[in-house]
Amino acid sequence: MAAATAASLGEDIQGNPLLQDFEFPPFDAVEAMHVRPAIRALLKTLESDLEDLERTVEPSWPKLVEPLEKIVDRLSVVWGIVNHLKSVKDTAELRAAIEDVQPEKVKFQLRLGQSKPIYNAFKAIRESPDWQTLSEAQKRIVESHIRDAVLNGVSLEDDKRDQFNKIEQELERLSQKFEENVLDATKKFEKLITDKKEIDGLPATARGLAAETAKSKGHENATPEDGPWILTLDGPSFLSVMQHAKNRALREEVYCSFVTRASSGDLDNTPIIDQILKLRLEKAKLLNYNNYAEVSMAVKMATVDKAEELLEKLCSASWNPAVQDMEDLKSYSKSQGAFEADSLNHWDINFWSERLRESKYSINEEELRPYFSLPKVMDGLFNLANALFGIVIEPADGLAPVWNKDVRFYCVKDSSGTPIAYFYFDPYSRPSEKKGGAWMDEVVSRSRVLSHNGSAVRLPIAHMICNQTPPVGDKPSLMTFHEVETVFHEFGHALQHMLTKQDEGLVAGIRGIEWDAVELPSQFMENWCYHRDTLMSIAKHYQTGESLPEDVYLKLLSARTFRAGSLSLRQIRFASVDLELHTKYTPGGSESIYDVDQRVSRRTQVIPPLPEDRFLCSFSHIFAGGYAAGYYSYKWAEVLSADAFSAFEDAGLDDSKAVKETGRKFRETILALGGGKAPLEVFIEFRGRAPSPEALLRHNGLLPVTATA
C-alpha cells in the first residue's frame, strides 16, 4: 500500500517539486520518485515549445535566440538539480530513475541540437545586413551555435544521423555507469583494524575519522585512541595512510587497492573504456575528423599540436627537477635507516616525501591543521574577495532549501549592498552518498530573458562542493593546507559564474567559455594562499586565536616548490595519456589502454606505474566528466592563471591601492565577460599582451635562476 501511495505521489505532476516555479531549487523536497514523472512531463512541454519555435522561427533575436534560451535553460536547471543530487546524495532509487529517463533526455537534446530550422535561422542571422549591429557576445552566440550544431550532427544524412544519435545515447549511458562503478568500488573497500600498532604514525585527525567510520558501520564503541578503525579509499582516509602510516605493508595494500579500483569483477570499467574510445572515434569519423581529439579541440583555444607542444615544453622543464626529487627521497630515506631506500616504490613516495618535507621545512601538515579552521578560512577568503573585487559575502542560511544540514548558503552583494549572486557550499566528505573530489557547478546563470518578479536580470546561483575532513566532536573542520587551496580554487570558478556582467544567458558566467580557459580564475585564486596578508588573516589557531608563526609562513612559502617537478609530471602523465588515447590509439588493436599508459608513463614518470596499475579505470575526468582530450586544459589554464597573477606581482602585492586597481581590472575582464568574448582577447584586455609560460615556471621553481644585479 505504501509503495502504491508513493508511486501516485510521484505521478502527481501538480505537486512535483521539480516542476514548480522557484527562485531557489527545492533540494530538500526532491525524491527519487519525482524524477521520472517530472523529466517526462518537462520533455513533453519542451518538445512542444521546440515545435512552436521551429514553426515560427525568424532570424532575429526575439524570434530565435530568446525562445531557444528558455528551452535550453529549463532543461539544464531541472536536470541540473537531479544530477547534482546524484553527486551529493546518491541512492539506488535515484540512480535507477535517472537511468530510465536519461535516454529520453539525450534524445531531446539531440533533436534540439540537430534542428535544421534553428540552424538555418542562425546562418541567416550571420549572413544578414544586421550582423554588424550585433554585440560581440551576440556574435559569439550565433557562431558557436552554428559550430555546435555541426558537431551535434545537423549536417549528417538520415542513416548517419541515426548512427550518430545511437552513439551519443550509448556514450551518455557508459559514462554514467563508469562513474557509478568508481563510486561503488571506492565504497566497497573497507579495512578494519583492531591493533593500534598497525596504524602507527596515523595522525589524530585520521584516527578520529577512521573511528567515526567504524562507528557508522556498527562498531559503536570505536574511539580514536583504542579503535577499532576502518580505513577507506575516500580522499581524506587514503591520503593520510599514504603520507603517515609507518606500516609499509598497509600502505602497499591501500595503494594497490586505490590504483586498481573499478578494474575487476562486476565493477570492471575496462570494457566500458574500450567501448567509450571506440564510439568516440566512430563519432569523430562521422563528423569528418581524423580522431576524437580534433572534435574536442574544435571548441577549445588550443589545437592538438599546440597542446602537445606545451606538454612537451613543461615536461622537459620538469624532468631533471623530478629526477632530483627522487634522488633526494632515496638519500633521505637511507639516512633514516629505511631498508626500502634503494627500491622506493609508489606507496613509499608520499610517506617519505612527507618526512623529508617535515625535516627540510619543519612543516607537518597535521600540525598546521589547528591554524586552518573552516570558519576562519572562509572569513579570510571573503575578505580577500572584498579587497580584490569590491564584493561583500554574507551568510543567507535558511533563505534557500538545502540537501544536507552541513550545507551553507551565501548571498554575494556589490559595494552598494545590492545582491548580485548566491551560492551553496557543501564542504565535508560523505563517502556513503557523495562522490569524491571537489567541483563547482551552476544552479542557474545570469539572464535578462529569464528575469522574474519585474527584476532586470535573473541572478546567478552556484554550487561549491568539497570533500574535506568533517568536524570531529566539538572541533570545527580543521583543514590541511591543500584543502585550503582547494576551497580557494573552487571559489575562483564560482566567482566567474557569479560576477559575470553578461545578460545574454547563453554566454553568461562560465557558459560558452572555451574549456581550456575555464580553469584560469580557479587556479588564479590558489596563488593568494601564499600571499602573506591573506594567509595570515586565515591562519589563526582555532582555540587560542594566535596567528601562524612568521617562520612557519616563510617555510610554507619555500615549501611551495617542494617536489614541483614531480607534481608537474603527474599532471603531464594524465594529460598525455588522455591525448594519446584520443589521437593515436586504435581501439581493439594490438596495444591495450594499459600498454598506452605504460608507454606514455615511461617518458613522463621517473618511476613508471606498477604493471598492474589500472588508474585509467577511475579516471573519471576523461571517461565521465568533460575532460576527454582536454585534461591538458589544467596546464594550459595554469599558464594563463600564473601570468594573470604576475600582473598583481608587477603592480606590487604590498601596495593595496595597486592591488585594488588590478583586481578591478581582473573583475571587469576575466570575471565579467563570460563566454561573450574569445578568452585570448579577454586575457590580452586584462594583461595588455599574449600569455607566456614564464610566470608558471617561475612560481614552480622550474626556471633556471638568473642572477640579478
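Helices (H or I, at least four residues) and strands (E, at least two) are taken here as DSSP runs, numbered from the N terminus. By that definition alanine 92 lies in helix α4, and at 56% relative accessibility alanine 92 counts as exposed, where exposed means over 50% relative accessible area, buried under 20% and partly exposed in between (1.4 Å probe, protein chains only). The model is predicted, so local features need pLDDT of at least 70 and side-chain atom pairs count only at pLDDT 80 or more, whereas totals for chains, interfaces and linings use all residues. Residues are numbered from 1 along each chain as its sequence is written, and side-chain values use heavy atoms, with hydrogens and water left out.

**Helix packing**

- Two packed helices are described by the angle between their axes and the distance between the axes; the axes are lines fitted to C-alpha atoms, for helices over the stretch in contact, and angles run from 0 to 180 degrees between N-to-C directions.
- Helix α13 (residues 304-335) packs against helix α14 (residues 346-361) at an angle of about 80°, their axes being 10 Å apart, and the two are therefore roughly perpendicular to each other (under 35 degrees counts as roughly parallel, over 145 as roughly antiparallel, 65 to 115 as roughly perpendicular and the rest as oblique).
- On the α13 side, Met326, Asp328, Leu329, Tyr332 and Ser333 meet Ile349, Trp352, Ser353, Arg355, Leu356 and Ser359 of α14, contact meaning heavy atoms within 4.5 Å.
- Sorted by class, this contact of α13 with α14 has 6 nonpolar, 3 polar and 2 charged residues, with Ala, Val, Leu, Ile, Met, Phe, Trp, Tyr, Cys and Pro counted as nonpolar, Asp, Glu, Lys and Arg as charged, and the others, Gly among them, as polar.
- Helix α3 (residues 61-88) and helix α6 (residues 136-151) pack at an angle of about 70° with axes 13 Å apart, which makes α3 roughly perpendicular to α6.
- In that pair, Trp61, Val65 and Leu68 of α3 meet Gln138, Ile141, Val142 and His145 of α6, a contact with 5 nonpolar, 2 polar and no charged residues.

**Salt bridges**

- Side chains of opposite charge can pair when their charged atoms come close; a salt bridge here is a side-chain nitrogen of Lys or Arg within 4 Å of a carboxyl oxygen of Asp or Glu, and a search of the whole structure finds 57 of them.
- Glutamate 104 is bridged to arginine 40, with the closest N and O atoms 3.0 Å apart; glutamate 104 lies in helix α4 (residues 92-113) and arginine 40 in helix α2 (residues 32-56), so the pair ties together parts that are 64 residues apart in sequence.
- Glutamate 104 is partly exposed at 30% relative accessible area, and arginine 40 is likewise partly exposed, at 37%.
- Glutamate 170 and arginine 173 meet in a salt bridge at 2.7 Å, N to O, and, being 3 residues apart in helix α7 (residues 158-188), they are separated by about one helical turn.
- Lysine 635 forms a salt bridge with glutamate 638 at 3.2 Å between the closest N and O atoms, and both of these residues are buried.
- Glu308, Glu580, Lys584, Glu591 and Arg599 are linked in a network of salt bridges.

**Nonpolar cores**

- A nonpolar core is a set of buried Ala, Val, Leu, Ile, Met, Phe, Trp, Tyr and Cys residues joined through side-chain atoms within 4.5 Å; of the 142 residues in the largest such core, Phe423 and Phe491 touch the most other members.
- The largest share of this core, 11 residues, comes from α13.
- A second, separate core of 61 residues includes Ala38, Leu43, Leu94 and Ile118.

**Backbone features**

- Most residues other than glycine have a negative phi, and most peptide bonds are trans.
- The peptide bond from glycine 227 to proline 228 is cis, with omega near -5°, and proline 228 sits in the loop between α8 (204-216) and β2 (229-231).
- Asparagine 453, though not a glycine, has a positive phi of about 55°; its place is in the loop between β6 (439-444) and β7 (461-468), and at 74% relative accessibility asparagine 453 counts as exposed.
- Arginine 563 has a positive phi near 60° and is found in the loop between α20 (550-559) and α21 (564-583), where its 13% relative accessibility counts as buried.
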